[in-house]
Every structure is written in structure tokens, then in C-alpha cells.
Amino acid sequence: MSDDRERWMLAALGEAEKAAVAGEVPVGAVVVDSSGEILARAYNRPVSDNDPTAHAEVLALRKAAKKVGNYRLTGCRLVVTIEPCPMCAGAAVNARVDEIIYGADDPKAGAVRSLYRLASDPRLNHRPSVISGVLAAECAAKLSEFFRTRRK
């Protein structure tokens with residue numbers, strides 16, 4: 001299973017690279033179905049789209065829902081390069097994904113483990129499992145490189 005997680009995260013990192021090339025914060029996401037196939041891919045586009053909700057996770061969830069014809073993505077996994085923010089964690093909970101897999105922690109805005117714990121809040125009607133740290137160093141390096149370049 002960890003080989004699959006790494007393969008999925010590499011796909012998400014490929015999406016993050018597209019975001020970086022576009023001048024967006026390099027976050028990428030994929031949605032994986034129960035058979036392990038990637039249903040949807042997306043990268044951050046809030047600046048390009050003039051849309052504050054155009055985070056990689058939300059865009060990938062939207063694409064996957066359209067593809068399966070249902071807003072409920074039960075049996076699916078959301079794989080993202082950084083810990084989801086509150087908006088994206090909420091979208092994953094509302095989409096009823098089975099699992100959220102992410103790379104780097106986000107101590108400033110992370111909403112599944114670091115700052116908030118939306119995915120495991122017992123007050124919500126759905127609680128996906130969370131796997132963190134998949135290719136964390138690679139995911140964190142992508143973000144650090146982007147911001148280091150921007151500061152120059």
C-alpha cells in the first residue's frame with residue numbers, strides 16, 4: 001500500500017509543479033478510486049482563476065465528482081502534497097472520501113492534524129482516515145523552493 005501512496009503522491013507532486021510554473025503556490029492533488037486508479041488531478045489555481053476556492057483539493061474533488069456522477073466520493077482517497085486547509089478538509093468531509101493522504105504538515109493552516117482536526121471531529125457525520133507524511137520531504141521542498149525563489 002505504501003508503494004501506491006508514493007505513486008499517487010508523485011502524481012500530486014507533478015500537479016504541484018504545474019502550479020509552480022503558473023506562478024501559483026505549488027500544491028497538487030489527486031483523487032483515487034477504490035481500485036487505486038486516479039480519477040482526477042488538479043493544482044492550485046486561485047490566482048489564475050481569480051477564485052479563492054480554486055485550491056488543488058477542491059478542484060480535484062469537483063472533477064472526480066463529475067466523473068463519477070455523484071458528489072459522494074465514498075471509497076475514494078484524496079491525495080495532496082500539503083495538509084489541507086479548513087476549506088479543503090471540509091470539502092473532503094462533505095465529499096465523504098474514505099481517506100485523506102497528505103505529504104507535508106502545515107502548522108499555520110493545516111486542518112486535519114496540525115492546527116485543527118476537522119477530519120476526526122466527532123461532531124461531524126463523516127470522518128475520513130488520515131495518513132500523513134507520504135513523501136513529506138519532497139512535498140515540503142517543493143513549497144520551500146517556490147517561496148525562496150519568490151523572495152529573491
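Modeller: Here is a walk around helix 1, its partner helix and a few residues of interest.

First, some housekeeping: this is a predicted model, so local features need pLDDT of at least 70, side-chain atom pairs count only at pLDDT 80 or more, and totals for chains, interfaces and linings use all residues. Residues are numbered from 1 along each chain as its sequence is written, and side-chain values use heavy atoms, with hydrogens and water left out.

Helix 1 covers residues 2–21; helices (H or I, at least four residues) and strands (E, at least two) are DSSP runs numbered from the N terminus. Its packing partner is helix 5, residues 136–151, at an angle of about 5° and with the axes 11 Å apart. Those axes are lines fitted to C-alpha atoms, for helices over the stretch in contact, and angles run from 0 to 180 degrees between N-to-C directions. Angles under 35 degrees count as roughly parallel, so helix 1 and helix 5 are roughly parallel to each other. On the helix 1 side, Met-9, Leu-13, Ala-16, Glu-17 and Ala-20 meet Glu-138, Cys-139, Lys-142 and Phe-146 of helix 5, where contact means heavy atoms within 4.5 Å.

Now look at Arg-5, also in helix 1. Arg-5 is buried yet has no salt bridge, and the nearest side chain of opposite charge, Glu-99, sits 4.1 Å away. Buried means under 20% relative accessible area (1.4 Å probe, protein chains only), and a salt bridge needs a side-chain nitrogen of Lys or Arg within 4 Å of a carboxyl oxygen of Asp or Glu. On charges, Lys and Arg count as positive and Asp and Glu as negative, while His and the chain ends are not counted. Leaving out residues up to four places away in sequence, Arg-5 touches Glu-99, Ile-101, Ile-131 and Val-134.

Finally, check Leu-135, in the loop between strand 5 (129–131) and helix 5. Its phi is near 50°, a positive value in a residue other than glycine. Most residues other than glycine have a negative phi. Leu-135 is buried too, with a relative accessible area of 15%.

Terms used: Buried < 20%, exposed > 50% of the residue type's maximum accessible area, 1.4 Å probe, protein only. Parallel < 35°, antiparallel > 145°, perpendicular 65-115°, else oblique.
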